[in-house]
Amino acid sequence: MAAEIHSRPQSSRPVLLSKIEGHQDAVTAALLIPKEDGVITASEDRTIRVWLKRDSGQYWPSIYHTMASPCSSMAYHHDSRRIFVGQDNGAIMEFHVSEDFNKMNFIKTYPAHQNRVSAIIFSLAAEWVISTGHDKCVSWMCTRSGNMLGRHFFASWASCLQYDLDTQHAFIGDYSGQITLLKLEQSTCSVITTLKGHEGSIACLWWDPLQRLLFSGASDNSIIMWDIGGRKGRTLLLQGHHDRVQSLCYLQLTRQLVSCSSDGGIAVWNMDVSREEAPQWLESDSCQKCEQPFFWNIKQMWDTKTLGLRQHHCRKCGQAVCGKCSSKRSSYPVMGFEFQVRVCDSCYDSIKDEDRTSLATFHEGKHNISHMSMDIARGLMVTCGTDRVVKIWDMTPVVGCSLATGFSPH
């Protein structure tokens with residue numbers, strides 16, 4: 001069922017502790033049980049399983065429950081030991097797990113959506129289960145009565161969700177690349193604002209209520225940090241992944257952001273540094289360096305008897321430039337560009353060697369990652385994906401031992 005990995009390389013990279021295999025289809029969610037050597041998984045094979053670590057060091061399923069429809073998302077509240085499982089048919093099922101994690105009792109079914117449930121959050125204080133789905137809506141239901149309290153519809157599939165427990169604000173990402181901030185009330189909601197910056201569908205969100213920072217990952221392979229609490233509305237771009245960013249986790253204590261992409265990439269971003277905002281791209285009918293016309297500038301092409309050029313943009317200054325004036329490539333981590341991007345010649349000359357020092361570390365998960373979650377207190381991470389494999393990692397070598405509060409995964 002599960003293999004314990006014994007090799008412990010002494011290097012600053014995630015250490016693979018265990019690998020769990022046994023699901024017959026893609027694993028859509030995996031969550032570490034706090035203060036326990038256990039993992040809860042949900043899968044497209046219609047099963048939800050609780051895996052406990054045995055004396056042999058291997059993980060074996062202590063609970064194996066088959067659902068009516070493929071499992072698409074999951075939320076677990078440890079203090080009350082309540083599990084909420086979203087399904088492909090739009091329903092959410094609630095279970096209560098026994099104290100020894102060997103038994104799971106069905107509580108109720110919530111008819112939350114008409115299509116696949118993409119994300120779930122449970123608020124114990126409000127006794128709400130909030131969810132998003134491919135029926136293009138966010139819904140919130142009362143966990144006491146099981147009744148629908150409210151719904152809000154979007155123009156495209158709602159793909160991910162974060163919720164501020166104190167202010168009852170919900171952040172919803174959708175397939176159009178937009179993030180909507182809603183204020184949820186008992187039976188209504190109001191749209192506070194919409195955030196636009198990604199060029200692809202939003203795949204994941206992470207909200208840090210202390211610093212009031214929202215992080216979003218998308219199919220354009222990029223991450224954006226939105227300073228919700230700041231008056232200037234600052235946004236920072238992070239580009240280092242080569243595939244869709246699937247999961248995010250911000251470590252408030254060390255000010256690091258952990259991100260995972262569908263190609264197995266694991267990145268740890270240092271957010272405890274002064275970063276620069278990427279500039280807005282400027283519009284021009286001619287190169288802002290050599291003044292040669294772009295190909296749609298018919299008048300200047302006619303007047304100067306020259307062929308029009310293709311327009312590019314310098315990632316550092318944002319100016320519209322031709323290919324000849326932007327022939328150089330450079331990384332510029334302080335602006336979030338961890339790999340080489342197009343810059344104009346003058347910006348290239350202004351970048352010093354120390355400006356190219358990476359502000360992130362990149363690691364290989366060596367499997368497709370569709371979901372990731374962390375037990376921040378112990379410095380542990382679990383990843384899962386379409387390859388049906390669940391991996392448990394010790395992240396303390398890359399995120400700092402200050403996270404581990406007296407617990408050693410070794």
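Modeller: Let's start with the term: a residue is called buried when its relative accessible area is under 20%, exposed when that is over 50%, and partly exposed in between. Keep in mind that this is a predicted model. Now take Phe95: its relative accessibility is 1%, so Phe95 counts as buried. Phe106 comes out as partly exposed, with a relative accessible area of 45%.

Those two residues belong together. The structure holds seven aromatic pairs. In the pair of Phe95 and Phe106, the ring centres are 6.0 Å apart and the planes sit at 65°, so this pair is edge-to-face; the cut-off for that label is over 60 degrees. Phe95 belongs to strand 9 (residues 92-97) and Phe106 to strand 10 (residues 104-110), so the pair ties together parts that are eleven residues apart in sequence.

Rings also gather elsewhere: Phe84, Tyr110 and Phe122 make up one aromatic cluster. And there's a ring with a charge over it: Arg356 lies over the face of Tyr348, 5.2 Å from the ring centre.

The largest nonpolar core has 20 residues, and Ile40, Ile48, Met74 and Ile83 are the ones that touch the most other members. At least two residues of this core come from each of strand 3 (27-32), strand 4 (38-43), strand 5 (47-53), strand 7 (71-77), strand 8 (82-87) and strand 9. Setting aside residues up to four places away in sequence, Ile48 touches Ile40, Thr41, Ala42, Ile63, Tyr64, His65, Met67, Met74, Ile83, Val85 and Met104. Another core, of 19 residues, lies apart from this one, and its members include Cys160, Leu205, Tyr332 and Ile351.

To place all this, here's the overall layout. The protein is divided into domain 1 (15-278 + 358-394) and domain 2 (298-356), and their C-alpha centres lie 38 Å apart. Where the two meet, 16 residues of domain 1 and nine residues of domain 2 take part in the contact. The area buried between domain 1 and domain 2 is about 1000 Å², with carbon and sulfur atoms giving 55% of it. On the domain 1 side, Gln239, Glu276 and Ser358 lose the most area to domain 2, together 48% of what that side buries.

Ser156 is in the loop between strand 14 (148-153) and strand 15 (158-164). Ser156 is buried, at 13% relative accessible area. Leaving out neighbours within four places in sequence, Ser156 is in contact with Lys136, Asp174, Tyr175 and Ser176. Ser156 and Gly177 are 21 residues apart along the chain, with 9.4 Å between their C-alpha atoms.

Arg255 sits in the loop between strand 23 (245-251) and strand 24 (256-261). Arg255 is partly exposed, with a relative accessible area of 34%. Not counting residues up to four places away in sequence, Arg255 touches Gln211, Tyr250, Trp269, Asn270, Met271 and Asp272. Arg255 and Ala75 are 180 residues apart in sequence, and C-alpha to C-alpha they are 25 Å apart in space.

Key:
Residues numbered from 1 in each chain as written. Predicted model: local features only at pLDDT ≥ 70, side-chain atom pairs only at ≥ 80, totals over all residues. Heavy atoms only, no water. Phe/Tyr/Trp six-rings, centres within 6.5 Å; stacked < 30°, edge-to-face > 60°. Helix = DSSP H or I, 4+ residues; strand = E, 2+ residues; numbered from the N terminus. Buried < 20%, exposed > 50% of the residue type's maximum accessible area, 1.4 Å probe, protein only. Lys NZ or Arg CZ within 6 Å of the ring centre and 35° of its normal. Core = buried A, V, L, I, M, F, W, Y, C linked by side-chain atoms within 4.5 Å. Contact = heavy atoms within 4.5 Å. Domains from an automatic or database assignment. Buried area = accessible area lost by both parts, 1.4 Å probe.
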